[in-house]
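Dear colleague,

Please find below the structure that I am handing over to you. My findings follow directly after it.

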Amino acid sequence: MARLVRLVDTSRRISGLPGVLISRSAGNWNKDWKPGPYPVNPEDRAAVARKYGLRPDEYKPIPDDGLGVGDYPDLPLVTAESRDPYYPWDHPEHRRDFMEPIHAEYDMYGLDRVNASQKLRFSVTQQFLAFMGVMTFFVGTYYLMESRKIHWPLLPKQYPGDGKVHYTFEKPE
Amino acid sequence: MADGPESVSAIRERAAIKAAIKREYQKQVLNPYRHGSGEGGALFDPALQRFMSMRATQYDFFRPTPKASLLGTLMIVAPILGYGLLLKRDKDQFEKKIRTGQVAYADREFKFY
């Protein structure tokens, strides 16, 4: 870990770029890169924001309600499909730049998955009401008319059976 | 509003940092000697690594709060127990019907062997 830090400092001085981490991939362990504990002090928040490449005033951790993830930031959701297709992204297949902080549910919002940040033509409420309206019409019609069916005007078929008389051959008057 | 995250100075700062990172990315990606130094392949992205480590260690940050416990009960325990109870009730009713002789031989369950 100390060698990594020294490498970071050297590379920072060389490239003159604060915050850019150029490290060798000689083992990147989860314990070094996992989020820290939820930040409670304001001083911690500034340092953590810098770690994630955000400004301190735009850093907001995911709420710690038992289902949280430590100090990982709660980024505004902009799915891949909602991003500008003509901008020269570093990774065009994800519409993401190099070292851009990643949303906590990034794998759900790629180009091939759900686009939750789009502006819908019909809101979800409208869609649901339209669906329920159509289904209510069909189901309601079935429910009301199932016991009131209409049949063709037919009499029962006259089969020959023992003792049954369907036609007596009388002369017409 | 002059110093907030949506102010002009903040936007300029962010744009400058983004341009610098982009320049650096292009330099590193097009560096023909990167493979020779042993580090080749995809350029290491710390943001991506942090995301992956976060997802791999999500359980470390779980705490049994009321909200989390309620969610677990509703989504995991309740469906399993509920389905088991429904199934048992169904089966018991049918067995009662059989044992009291209300099911005809023609309506028995296993007819085809």
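Between chain B and chain A of this predicted model, 17 residue pairs are in polar contact, both residues being at pLDDT 80 or more. A polar contact here is a pair of N or O atoms within 3.5 Å; within protein, one must be able to donate a hydrogen and the other to accept it, and residues adjacent in sequence count only if both atoms are side-chain atoms. Helix H1 (8-29), H2 and helix H3 (66-99) of chain B each supply at least two residues of the side that touches chain A; helices are DSSP runs (H or I, at least four residues), numbered from the N terminus. H1(B) gives the most to that side, with 11 residues.

The rule for salt bridges (a side-chain nitrogen of Lys or Arg within 4 Å of a carboxyl oxygen of Asp or Glu) finds 10 across the interface of chain B and chain A. B:Lys18 forms a salt bridge with A:Asp97, with 2.7 Å between the closest N and O atoms.

In terms of contact (heavy atoms within 4.5 Å), 38 residues of chain B meet 43 residues of chain A. The size of an interface is often given as the accessible area lost when the parts come together. Chain B and chain A bury about 3,600 Å² between them, 60% of it on carbon and sulfur atoms; this buried area is the accessible area (1.4 Å probe) that two parts lose on being put together, summed over both. B:Phe44, B:Arg50 and B:Phe61 supply 19% of the area that chain B buries against chain A, more than any other three residues.

Helix H2 of chain B contains several buried residues, among them B:Arg50, B:Phe51 and B:Met54. Buried means under 20% relative accessible area, exposed over 50%, and partly exposed in between (1.4 Å probe, protein chains only). The cover over the buried residues of H2(B) includes helix H2 (30-33) and H3 of chain A.

As to aromatic pairs, rings of Phe, Tyr and Trp (its six-membered ring) pair if their centres lie within 6.5 Å; planes under 30 degrees apart count as stacked, over 60 as edge-to-face and the rest as tilted. A:Tyr87 and A:Trp89 form an edge-to-face pair, 4.8 Å centre to centre with 65° between the planes. A:Tyr106 and B:Phe51 are likewise edge-to-face, at 5.7 Å and 85°. A:Tyr106 lies in the loop between helix H3 (42-51) and helix H4 (124-145) of chain A, and B:Phe51 in helix H2 (residues 46-56) of chain B, so the pair joins two chains. A:Tyr106 is partly exposed, with a relative accessible area of 21%, whereas B:Phe51 is buried at 5%. Ring pairs also link A:Tyr52, A:Tyr59 and A:Tyr72 into a cluster.

A note on conventions: residues are numbered from 1 along each chain as its sequence is written, and chains are lettered from A and ligands numbered from 1 in the order in which they are written. Local features need pLDDT of at least 70, side-chain atom pairs count only at pLDDT 80 or more, and totals for chains, interfaces and linings use all residues, while side-chain values use heavy atoms, with hydrogens and water left out.

Yours sincerely
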